[in-house]
Amino acid sequence: MIILRGRKIKKVFGKKTNTQEVLKDIDIEVREGEFVGIMGPSGSGKTTLLNVLASIDKVTEGMIEINNFNLQKMKEQKLAQFRREQLGFVFQDYNLLDTLTVKENIYLPLSVGKVPKTVAEKKIKDITTLLGIEDILNKYPNEISGGQKQRTSAARALVGNPSIVFADEPTGALDSKSATALLSNLEKINKEKKVTIMMVTHDPVAASFCSRVLFLKDGQIYSELYKGEKDRKQFYREIMNTQSVLSGDGYDA
Amino acid sequence: MAMTLNQLVLRSMRKNAKNYYLYVFALIFSVTLYYSFVTLQYNPAITKEIGNGMTATILKAASYLLLFIVIFFVLYANKLFMNRRSKEIGLYQLVGMPKGLVTRLIAIENIILWLGAIILGVFMGFITSRIFVMILLKIIEKDAFVELSFSIEALLRTVIVFLLLLMVVILQTAMRIRRVSLLSLITTTVVADEKVKKFNAFQMILGFIGLVFIGYGYYLSTTLLDLLDDPTLTPDKMLIQLLLILTLTIGGTYFVFRFSVALILNMVRKSKKGLMSVADVLSLSTIMHRMKSSAMSLTTITILSATTLGILTLAYISYYSADAMAQDSVSYDYVMYEDTGFDLIDEFDKEGIQYTRHDLDLLAVQADVRPLLLKEFALKKDVSTLLTVQVVSQKDIQNKLPNLQLKEDEGYIVGYDSLSAENIRLESEKPIQFITSTGTDEIFITEVTEESLVPNYHNYNFITVIVSDFYFQKLLHDPLNENQKIVGMELKEEDQLKKAEEVFEENKVSVEIPYPSGLATKTVSVESQEIYRLDILNSFGLTIFISGFLGLAFLIATGSILYFKQMSEADEEKGAYTILRKMGFTTNEIMKGIRRKQLFNFGFPLLIGLSHSYFAVKAGWVFFGTELVAPLLITMSIYIILYSIFAILSAGYYRKVVENAF
Ligand SMILES: Nc1ncnc2c1ncn2[C@@H]1O[C@H](COP(=O)(O)OP(=O)(O)O)[C@@H](O)[C@H]1O
Ligand SMILES: [Mg+2]
């Protein structure tokens, strides 16, 4: 089943004479349970694409559908509610509220719904156990490591059972060990709980955890790789190859 | 380098316009207020027209108070201004600008801003001082015209004060730049939070002590008036008591903010076991984490609010009581004494002024009020219950108390006002003993009331007993008692008052009348209630005006500080709003939490301030007037409304920040 569908997505920044077309006619489809990576040179529009798909930003032209809901047709209020109920977010800089404990941060998405307290407790316990952060629930963000922060952020994104999770360079600020741990966790959750994930990254290792990788260049999808039955090492090499083809035109990674 | 420096200053000024406008507002406001007040102070016409010999002293004292507000406000605004710009200043240093240069840059910028503010403030102050004079004359209901020329003296004084203040600010800034490391400059806005983790028993005790302090301070304030009756009281003792009350309430307030609030909020938070709603997140946890840094300013705001309210209420009590006090002292529109001022009656007839005439016999009778005392009331040792009371016959007062029915041995007390009540507490349904030449008569008192219906002639501000006509005749013929015939005149048409006053002015008479003791004489004259009222207004008018002026200055300063503080808080929390909005919380949901926080930040200091001022006013209001409840409620309501404006403004600012946080 196709969970996300984008048609002729166009995004222009700036006004009048000083405009910049960041996304140019992008078509994209994501199936339920996919783990999609988005790669591309810096400034190629990865974040912009993720933001418009995730309803954080508006497209200039085109159409985006998630779970058969047309994002462009929804009002601000409705869109916020939709985001809260159907989507999850993980950002490079964690985006945790530092006046709240880990547990309080994770509970946030459940706080407005009609989730009974006992169910919420169980959900938090399950997801934090899965991510290996069940021991730090009462700590504040400034008392835990970057890897733990990002796993907290991931737990918060996943706790409400979203249809799709968007992650923008989630490993960008992590050392390689923490990064691998997080990615393994995401991979596991994607496989076991069939959660659809879209992840922007410029790290080929991170991308090799995905089931499909899109390459963005100058606001267009340049190419696309499927992992298929390949193992991670093989997929990694394929990604590296594609990247080096791209880098002929000044790839900066 | 000079060229680059100038460019830098200009560019940074333009870029930081938002931060500047607050600071500049605070500066202009302060200069305006100060200049307009000093203009009044240095205007000879003011001291001549208004009040009495104390006028100049009062004005001077008030100008120091105002100076205090201004200094406090400007320094606080500068502190906030610098906090908000710490990133920018850090950046200058990051790009390699030496500290000395940065300091110079900020100094130049400050000098430009201050000079601008002084010029604008003086200009505005000149205009507002006229408005203030108009208000002042309106308060004391005077038609005088006060010439206000541009005062060089006031200008000089304002310029000196503000240049000195500017130097302090520059020095402060320089020191701050010198002391602070680059890293902390860049991160100031981030580290404002305190992580409340464990509450130890010690903090819990301190939180509790805060409440006890306030309670004890309140209790002491209620005993202040009784203290005045203590014969062993010395000024020192009184001062110590006052300082004790102040220390207890101010200290207690700080403890409450610093420890109790965070303690209680943390308990509420703990009880949620990590499952907090967004509204909780934005109110409970933010307030709790900020308590350490905001305890001081919230305490200051509370105390300032309480002071402002106290001053305003007391002043308003005098103003409000002017009518009642005039009514009390001169119970008819015009009061005349036997054989004096009867010309006035003819003149009124000639001018066609409509009036009703009431003739009264006022007797001075010795009485013992001991049997009338309230049972629980412990009389001070040296207070005698043997007093001169006025006695009036029921028929003479029929027009004011038409339903009064008294038996031969019954009496009805009027004029038992709050001041009398402070010394001697009386209750009805008990007898009073009149001392006559044939012995003592017991008269049963049916009621004790506050209104003063009879002019106080024989005793100042003490009770008058109304008795039956029959018994009055007995007292009247007793040689012990002295009688004074009085004529009270009541105008029939309110709008003839002005004309009547003119007639009165031309026919004023006064006579020397011996006191009942015969040892001295007093001058009594034909009295006009209106003139008496204007007299009160005139003598209290200046105090009322100054209190109002200072009160407004305090209010705007505290309100602005709260508003500035909320603005920076909003800016600092923008990141959190962004996260929440990305997660799918709507502006309205976030605003719900913010409004709760606002309710606390504005409401809590207000509530405690109101409570403090209530006890302060309660402790001393009897010296200011005769009415408590109405002026208190009116002042508090107006204060709450004006204060709310700042809460609404800052809520508006929050909404803008949340809407733009994405
Ligand atoms: N809010 C914005 N306003 C104007 N230009 C923007 C905005 N956000 C991004 N851009 C521009 O769009 C381009 C793509 O940005 P982005 O999507 O962040 O790239 P990436 O994430 O691939 O590095 C960049 O050139 C950037 O300058
Ligand atoms: Mg990006």
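1. A word on terms before we start: a polar contact here is a pair of N or O atoms within 3.5 Å. With that in mind, an N or O atom in the side chain of A:Thr47 is 2.7 Å from an oxygen atom of ligand 1. Please keep in mind throughout that this is a predicted model.

2. A backbone N or O atom of A:Gly43 lies 2.8 Å from an oxygen atom of ligand 1, and for A:Lys46 a backbone N or O atom is found 2.9 Å from an oxygen atom of ligand 1. Ligand 1 on its own exposes 560 Å², of which the protein buries 58%.

3. Which residues are around ligand 1? You will find A:Phe13, A:Gln20, A:Val22 and A:Pro41 there, together with A:Ser42, A:Gly43, A:Ser44, A:Gly45, A:Lys46, A:Thr47 and A:Thr48. Strand E2 (20-31) and helix H1 (46-53) of chain A each supply at least two residues of this shell, and H1(A) has the largest share, with three residues. Sorted by class, the shell has three nonpolar, seven polar and one charged residues.

4. Two backbone angles in chain A deserve a look. A:Lys8 is not a glycine, yet its phi is positive, at about 45°. A:Lys8 sits in strand E1 (residues 2-13) of chain A and is exposed, because its relative accessible area is 53%, where exposed means over 50%. A:Tyr94, also not a glycine, has a positive phi of about 65°. The place of A:Tyr94 is the loop between strand E6 (87-91) and helix H3 (102-107) of chain A. Is A:Tyr94 buried or exposed? A:Tyr94 is buried, because its relative accessible area is 15%, and buried means under 20%.

5. Do also glance at A:Ser211, in the loop between helix H7 (204-207) and strand E9 (212-217) of chain A. With a relative accessible area of 26%, A:Ser211 is partly exposed. From A:Ser211 to A:Thr196 the separation is 15 residues in sequence and 11 Å in space, C-alpha to C-alpha.

6. The largest cavity holds about 140 Å³ of space. Its lining has 13 residues, and A:Leu87, A:Gly88, A:Pro109, A:Arg156 and A:Ala157 are the closest to its centre. Helix H2 (76-86), E6 and helix H5 (146-158) of chain A each give two or more residues to this lining, with the largest share, four residues, coming from E6(A). By class, the lining of the largest cavity has seven nonpolar, two polar and four charged residues.

7. The second largest cavity, with about 60 Å³ of space, is lined by chain B residues that include B:Asn19, B:Tyr23, B:Arg84 and B:Phe564. Helix H4 (55-94) and helix H2 (17-41) of chain B each supply at least two lining residues, and H4(B) has the largest share, with four. This lining divides into six nonpolar, one polar and one charged residues.

8. Last, the second largest pocket, at about 820 Å³. Of its 28 lining residues, B:Leu242, B:Leu246, B:Leu314, B:Ala616 and B:Ala619 are the closest to its centre. H11(B) gives the most to this lining, with seven residues.

How values were computed: Residues are numbered from 1 along each chain as its sequence is written. Chains are lettered from A and ligands numbered from 1 in the order in which they are written. This is a predicted model: local features need pLDDT of at least 70, side-chain atom pairs count only at pLDDT 80 or more; totals for chains, interfaces and linings use all residues. Side-chain values use heavy atoms; hydrogens and water are left out. A residue is near a molecule or strand if one of its heavy atoms lies within 4 Å of it. A polar contact is a pair of N or O atoms within 3.5 Å; within protein, one must be able to donate a hydrogen and the other to accept it, and residues adjacent in sequence count only if both atoms are side-chain atoms. Accessible areas come from the Shrake-Rupley method with a 1.4 Å probe; for residues, only the protein chains shown count as cover. Ala, Val, Leu, Ile, Met, Phe, Trp, Tyr, Cys and Pro count as nonpolar, Asp, Glu, Lys and Arg as charged, and the others, Gly among them, as polar. On a 1 Å grid over the protein atoms alone, a cavity is a set of points where a 1.4 Å probe fits but cannot get out, and a pocket is an open set with protein on both sides within 12 Å along at least five of seven lines; lining residues have an atom within 4 Å of a point. Grid points are joined across faces, edges and corners, and a volume is the space filled by probe spheres set on the points. Buried means under 20% relative accessible area, exposed over 50%, partly exposed in between (1.4 Å probe, protein chains only).
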